[in-house]
Amino acid sequence: MKNSWSRRFQHRGFSLVELTVATALFSLGMGSLSLLYLLSVQGMLEARLQTTAVTQADSISEMVLMAPDARERFIQPGSSGGSDCSHPNICTPGQIADSFMESWQGQLENVLPNGGGLVCRDSTPFDGSAEDFACDETGDVVVKVIWEEYTAEERSPVAHRLVSRLPLP
């Protein structure tokens with residue numbers, strides 16, 4: 001009786017080979033999940049930057065459309081001279097445009113990596129870089145928002161651009 005009892009429990013459990021194979025398969029699965037997680041985080045970052053660029057472009061577009069008297073000052077901004085245009089009765093429309101443009105460009109630098117933006121006339125709006133927006137002063141009025149970011153595959157920054165055409169004459 002004792003002999004059959006010990007044989008029954010002798011084969012219970014897992015062998016070392018079975019545990020090694022199970023651990024290897026589990027590790028491969030977890031490695032794949034971590035790679036998917038990293039890719040999704042990178043995709044969310046890119047989406048956040050694009051959403052920020054669109055929001056900033058919409059912001060300046062609305063300001064240009066709402067201030068027809070100062071439209072040319074957005075396209076060719078002057079210097080606001082550090083004047084505080086928080087109250088509309090204090091400043092001229094041109095000074096308000098200069099102040100808003102300066103504030104908008106500062107926001108782009110803060111929220112987008114190596115970000116910048118410009119309102120200009122351009123017949124070829126999808127050219128340019130963060131250093132040179134390449135506006136040719138002809139064609140439609142456009143808002144250009146350009147930023148650079150490093151990706152996992154590239155060692156040098158990749159330029160991203162968003163161009164928005166304004167319905168202006």
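The largest nonpolar core holds 20 residues. A nonpolar core is a set of buried Ala, Val, Leu, Ile, Met, Phe, Trp, Tyr and Cys residues joined through side-chain atoms within 4.5 Å. Buried means under 20% relative accessible area, with a 1.4 Å probe and protein chains only. Ile60, Phe74, Trp104, Leu112, Val119, Val143 and Val145 touch the most other members. Helix 2 (16-66), helix 3 (71-75), helix 4 (93-111) and strand 2 (140-149) each supply at least two residues. Helix 2 gives the largest share, 6 residues.

This is a predicted model, in which local features need pLDDT of at least 70, side-chain atom pairs count only at pLDDT 80 or more, and totals for chains, interfaces and linings use all residues. Numbering starts from 1 along each chain as its sequence is written, and side-chain values use heavy atoms, without hydrogens and water.

Now follow the chain. From the N terminus, the elements run α-α-α-α-β-β-β. Helices (H or I, at least four residues) and strands (E, at least two) are DSSP runs, numbered from the N terminus.

Next, look at aspartate 122. It lies in strand 1 (residues 116-122). Aspartate 122 counts as buried because its relative accessibility is 1%. Its side chain makes a polar contact with the side chain of lysine 144, at 2.6 Å. A polar contact is a pair of N or O atoms within 3.5 Å; within protein, one must be able to donate a hydrogen and the other to accept it, and residues adjacent in sequence count only if both atoms are side-chain atoms. A polar atom of the aspartate 122 side chain also lies 3.1 Å from the backbone nitrogen of threonine 124.

Conventions
Buried means under 20% relative accessible area, exposed over 50%, partly exposed in between (1.4 Å probe, protein chains only).
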